[in-house]
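Have the structure open while you read.

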Amino acid sequence: MTDKMPLLSLTVLDGSSNAGKIKLWLQSGISAEQAMLEGDAIRSPLSALSGATLARQSVTYRSIIDNPSAADSGTTVGYYAVLIFSTTNPDEYSMVTIPAIKPEYVLADGPNSGLVLDTLNPAVISLVNNITSGIWCNPFGFDLVELVGTIVERRRI
Amino acid sequence: MKLQVSAQEDAIDGYFVFVPRNFIHIWAGALFELSERWVWASEEDYARAYHIIARLRSCMLTCPAKQLIEGNNRIYRLLSSAMFGTVWSVTSTEPLVIEPPIPDVPDMLVQLPGNLAQLEDARVKLQTIIDSLSSDDEDMAAIIQQLIEIGALLV
């Protein structure tokens, strides 16, 4: 695995709300917190030269798999499994999607056969346990608690 | 144009929609774009839509139409057994076949031991008593015996 430079991205909007981007790469090893602080610091000198106004700031850390293993030729990224989780906030949920779901993990029997994951499969149980371990949260910051449903979706490639 | 979605006070104010089984994958997949932040006008709209879509996806398969219809059929059979004494038998499990088939129009022919059959039996016995009391050939022993049988039917 090769780590790429952290990327600071500033999204700016002109007077007609058209978006533009400023991208700056940071040295490797800089923490996310430090990177955001650096972003805060450079906003002012950048803004001095631009008529647009800052709308969003992000830092992206990327790693590239050096020698990826061969993909399963029997699957396609058009088929996604979606796992829906409850969160620590009542009535809030989270969705985790898995492209190119392998057929052996899709339920084979019963009225929902072919449409949902086999949640009794050890590999699925292991994944769910990992996701609900307290590390992962939904886009609004609430921890994932319990799997409440799954569905297999077909999307355009 | 960005989308907006209002807050909903009543959590169960909604609609049942029938989705053919062979379209479920595609319909669910079409929800994908709606769960993206850029579609929505504000963070509040995005949050509401995200949770609605999550709930839609999670409940989409909890009650397939076949299960719902079969649930109704089970209620019909329960009532038909109690009221008309209909006896049902499973002749196949895959696919599920139960005989006799549920008729479009209920068969009102009562059979023992259905409740209606017992009431009908009691009514016939009472009519017999009334007929014999209104004639000259009443047989008190027979009448008492019929009253006992009526009492047994109504227990």
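Is B:Asp45 buried or exposed? B:Asp45 is buried, with a relative accessible area of 6% (buried means under 20% relative accessible area, exposed over 50%, and partly exposed in between, with a 1.4 Å probe and protein chains only).

Before going further, a bit of housekeeping. This is a predicted model, where local features need pLDDT of at least 70 and side-chain atom pairs count only at pLDDT 80 or more, while totals for chains, interfaces and linings use all residues. Residues are numbered from 1 along each chain as its sequence is written, chains are lettered from A and ligands numbered from 1 in the order in which they are written, and side-chain values use heavy atoms, with hydrogens and water left out.

Back to B:Asp45, then. This residue sits in helix H2 (residues 43-59) of chain B; helices (H or I, at least four residues) and strands (E, at least two) are DSSP runs, numbered from the N terminus. Leaving out residues up to four places away in sequence, B:Asp45 touches B:Leu3, B:Gln4, B:Val5 and B:Trp40, where contact means heavy atoms within 4.5 Å.

| Helix pair | Axes come within | Crossing angle |
|---|---|---|
| H1(B) (residues 24-34) and H2(B) | 10 Å | roughly 165 degrees |
| H4(B) (residues 115-133) and H5(B) (residues 140-153) | 9 Å | roughly 160 degrees |

That makes H1(B) roughly antiparallel to H2(B) (angles under 35 degrees count as roughly parallel, over 145 as roughly antiparallel, 65 to 115 as roughly perpendicular and the rest as oblique). On the H1(B) side, the contact uses B:Ala28, B:Leu31, B:Phe32 and B:Leu34, and H2(B) brings B:Ala49, B:Ile53, B:Leu56 and B:Arg57. Sorted by class, that contact has seven nonpolar, no polar and one charged residues (Ala, Val, Leu, Ile, Met, Phe, Trp, Tyr, Cys and Pro count as nonpolar, Asp, Glu, Lys and Arg as charged, and the others, Gly among them, as polar).

H4(B) and H5(B) are roughly antiparallel to each other too. Among the residues making their contact are B:Leu126 and B:Ile129 of H4(B) and B:Leu147 and B:Ile150 of H5(B). By class, this contact has eight nonpolar, four polar and three charged residues.

While you're on H4(B), have a look at B:Leu116, which lies in that helix. With 29% relative accessibility, B:Leu116 counts as partly exposed.

Over to chain A, which has two helices and eight strands. Read from the N terminus, its elements go β-β-β-α-β-β-β-β-α-β. The radius of gyration of chain A is 21 Å, well over the 15 Å that the globule rule gives for 157 residues, so this chain is more spread out than a compact globule (the radius is taken over C-alpha atoms, and the rule is 2.2 Å times the number of residues to the power 0.38). Along its principal axes, the C-alpha trace of chain A spans about 65 × 40 × 30 Å. Of its 157 residues, 27% count as buried.

One of the buried residues is A:Ser9, at a relative accessible area of 8%. A:Ser9 belongs to strand S2 (residues 7-13) of chain A.

How values were computed:
Axes fitted to C-alpha atoms, helices over the stretch in contact; angles between N-to-C directions.
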